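Here is a short briefing on one protein chain. Keep the sequence and the model side by side as you read.

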Amino acid sequence: MGDLREEFSIFSDDGEGVTRQQAYSAICQLNKNPPAVEIDNFFNEHDITDPEGTITFELFEELYNQFATPTVEDLEQALKVFDTDDDGQISVDELKNILKSSHSVRGIDVDLNEEYVEKILNRILGEADENEDGLLSCKELATYLITNQVLDVDTLDPEC
Ligand SMILES: [Ca+2]
Ligand SMILES: [Ca+2]
């Protein structure tokens, strides 16, 4: 978080706070691409309506985290929801549910056939099964998705 504190100081006029414009610039500088409207919303939610109004480092950090890439731990937690038998491993059936939920989010009803899911699973297994036990743990899948920057399972291509 040292970098974050540094960016904050660079953009802050007094070292104590940043305006929405400064917050936007600072977050862009940290290689994130924040929608300006979300920064506006964040300031508004904290009752800062004056364009010159500032937020503290603590709030800035909170704002930044909204745009930060999730950590392996975050994603692992998220994947645990899909580990329905709670064995710490993502089975073919469970992966299917992840894929289905990701599709249904977009309101598209896709019939995921067994072959498609198995292709994806086999591909991920080949690359993500770190301890080579033939099973995919939540942690292995999370690590794989983050390493490959696949944060949307829709973008997985079984043909790759
Ligand atoms: Ca499981
Ligand atoms: Ca494994």
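D47 is exposed, with 8 other C-beta atoms within 10 Å. The cut-offs run as follows: a residue is buried if 20 or more other C-beta atoms lie within 10 Å of its own, exposed if 12 or fewer, and partly exposed in between, with C-beta atoms placed from the backbone. This is a predicted model, in which local features need pLDDT of at least 70, side-chain atom pairs count only at pLDDT 80 or more, and totals for chains, interfaces and linings use all residues. Residues are numbered from 1 along each chain as its sequence is written, while chains are lettered from A and ligands numbered from 1 in the order in which they are written.

**Two loop residues with positive phi**

- Most residues other than glycine have a negative phi.
- D47 sits in the loop between helix 3 and helix 4. Its phi is positive, near 60°, and D47 is not a glycine.
- E132 also has a positive phi, about 50°, and is not a glycine either. E132 belongs to the loop between helix 7 and helix 8.
- Is E132 buried or exposed? E132 counts as exposed, with 7 C-beta neighbours inside 10 Å.

**The chain as a whole**

- The chain has 8 helices and 0 strands. Helices (H or I, at least four residues) and strands (E, at least two) are DSSP runs, numbered from the N terminus.
- Read along the sequence, the pattern is α-α-α-α-α-α-α-α.
- Of the 160 residues in the chain, 21% are buried.
- Take the contacts between residues at least 6 apart in sequence: 53% of them join residues at least 24 apart. Two residues are in contact if their C-beta atoms, placed from the backbone, lie within 7 Å.

- Helix 3 covers residues 36–45, and the number of its 10 residues that are buried is 1, so helix 3 lies largely in the open.
- D47, with its positive phi, follows helix 3.
- Helix 2 (residues 20–29) and helix 3 have axes that come within 10 Å and cross at roughly 135°. Axes are lines fitted to C-alpha atoms, for helices over the stretch in contact, and angles run from 0 to 180 degrees between N-to-C directions.
- Helix 2 and helix 3 are therefore oblique to each other. Angles under 35 degrees count as roughly parallel, over 145 as roughly antiparallel, 65 to 115 as roughly perpendicular and the rest as oblique.
- R20, A23 and Y24 of helix 2 meet A36, I39, D40 and F43 of helix 3. The residues of this contact divide into 5 nonpolar, no polar and 2 charged. Ala, Val, Leu, Ile, Met, Phe, Trp, Tyr, Cys and Pro count as nonpolar, Asp, Glu, Lys and Arg as charged, and the others, Gly among them, as polar.

**F57 in helix 4**

- F57 is found in helix 4 (residues 57–67).
- F57 is partly exposed, with 18 other C-beta atoms within 10 Å.
- Not counting residues up to four places away in sequence, F57 touches R5 and F8.
- F57 and G15 are 42 residues apart in sequence and 8.9 Å apart in space, C-alpha to C-alpha.

**Helix 8 and its partners**

- The axes of helix 5 (residues 72–80) and helix 8 (residues 138–147) come within 8 Å and cross at roughly 125°. Helix 5 and helix 8 are therefore oblique to each other.
- This contact of helix 5 with helix 8 has 8 nonpolar, 1 polar and 3 charged residues.
- Helix 7 and helix 8 pack at about 90°, with their axes 10 Å apart. That makes helix 7 roughly perpendicular to helix 8.
- Helix 7 brings I124, E127 and A128 to the contact, and helix 8 brings E140, L141, T143 and Y144.

**Nonpolar cores**

- A nonpolar core is a set of buried Ala, Val, Leu, Ile, Met, Phe, Trp, Tyr and Cys residues joined through C-beta atoms within 7 Å.
- Which residues touch the most other members of the largest nonpolar core? Of its 15 residues, they are L79, I90, I124, L136, L141 and A142.
- Helix 5, helix 6 (92–105), helix 7 (114–128) and helix 8 each supply at least two residues of this core. The largest share, 5 residues, comes from helix 7.
- A second, separate core of 10 residues includes F8, V18, I27 and F43.
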